[in-house]
Amino acid sequence: MLEHEKDIWQQGFMAVAGIDEVGRGCLFGDVVAAAVILPMGHVLEGVNDSKKLSEKKRELLFDQIMSEAVSVGIGIVNVEDIEVINIKQASRLAMKQAVEQLDQLPDYLLVDAEIVDIDLPQSAIIHGDALSQSIAAASIIAKVTRDRMCAKWDELYPEYGIAVHKGYATKHHREMLLRYGPTPLHRKLFIRKIMAQLEAQENEVQTEQLLFDFI
């Protein structure tokens with residue numbers, strides 16, 4: 001997990017920041033990114049892609065990363081801005097904000113499959129959260145931060161099960177969208193096609209029921 005970092009350190013870059021985001025594929029809520037600078041050579045046991053870790057493990061590693069990192073920055077772009085600039089640009093903006101929130105300006109960025117719009121040398125690494133410790137640490141910080149936001153959103157809109165599915169397009173989430181309609185925190189551009197499909201399916205079921213009752 002330190003192979004990429006070692007290559008960068010050997011080039012003379014000391015402060016390497018890993019960057020990742022979470023929430024890009026959700027139907028609901030903000031997109032969150034994190035930037036993490038770890039001490040040179042520091043090893044975090046158990047760090048991996050946040051999606052491969054249990055919630056309990058992520059929470060423990062979150063506290064450890066916050067305690068042991070040189071600096072941590074978090075960027076958040078809300079639903080209103082996502083609707084205006086699209087989710088790809090919103091994800092990149094959240095990453096930029098995360099870098100700008102760092103207490104120390106990094107020398108180099110390792111980014112999970114993206115380019116950050118900032119004048120710093122950087123590398124985009126496909127599946128970086130499984131290949132780079134710095135990016136994996138950032139993925140954990142971003143994931144835990146957004147999951148905690150989901151728990152608060154769930155209190156506002158308990159019908160949708162946000163605390164469980166985190167805003168992704170699960171069967172339950174789609175069913176609740178059809179039953180209750182979208183909330184102000186749903187991404188309207190994301191759910192437009194889904195809502196049309198759900199309504200078409202519902203109409204088809206109703207038509208079949210009417211035919212069955214007639215027969």
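A nonpolar core is a set of buried Ala, Val, Leu, Ile, Met, Phe, Trp, Tyr and Cys residues joined through side-chain atoms within 4.5 Å, where buried means under 20% relative accessible area, exposed over 50% and partly exposed in between, with a 1.4 Å probe and protein chains only. The model here is predicted, so local features need pLDDT of at least 70 and side-chain atom pairs count only at pLDDT 80 or more, while totals for chains, interfaces and linings use all residues. Residues are numbered from 1 along each chain as its sequence is written, and side-chain values use heavy atoms, with hydrogens and water left out.

**Nonpolar cores**

- The largest nonpolar core has 35 residues, and Val36, Ile65, Ile140, Ile141 and Trp153 touch the most other members.
- Two or more residues each come from β2 (31-37), α2 (55-68), α5 (133-156), α7 (171-180) and α8 (188-214); these helices (H or I, at least four residues) and strands (E, at least two) are DSSP runs, numbered from the N terminus.
- Helix α5 gives the largest share of this core, 10 residues.
- Beyond its neighbours within four places in sequence, Ile65 is in contact with Val36, Leu44, Val72, Ala137, Ile140 and Ile141, contact meaning heavy atoms within 4.5 Å.
- Another core, of 20 residues, lies apart from this one and includes Ala15, Ile82, Val99 and Leu109.

**Salt bridges**

- There are nine salt bridges in the structure, each a side-chain nitrogen of Lys or Arg within 4 Å of a carboxyl oxygen of Asp or Glu.
- Lys51 pairs with Asp129, with the closest N and O atoms 3.2 Å apart.
- This pair links distant parts of the chain, 78 residues apart: Lys51 sits in the loop between β2 and α2, and Asp129 in the loop between β5 (122-125) and α5.
- Lys51 is exposed at 63% relative accessible area, whereas Asp129 is buried at 6%.

**Around Asp147**

- Which residue meets Asp147 in a salt bridge at 3.5 Å, N to O? Arg58 does, and the pair joins helix α2 to helix α5 across 89 residues.
- Arg58 counts as buried at 9% relative accessibility, and Asp147 is buried at 10%.
- Lys143 also forms a salt bridge with Asp147, the closest N and O atoms being 3.3 Å apart.
- Because Lys143 and Asp147 are four residues apart in helix α5, about one helical turn separates them.
- Lys143 counts as buried at 11% relative accessibility.
- Leaving aside neighbours within four places in sequence, Lys143 is in contact with Val22, Ser50, Arg58 and Lys166.
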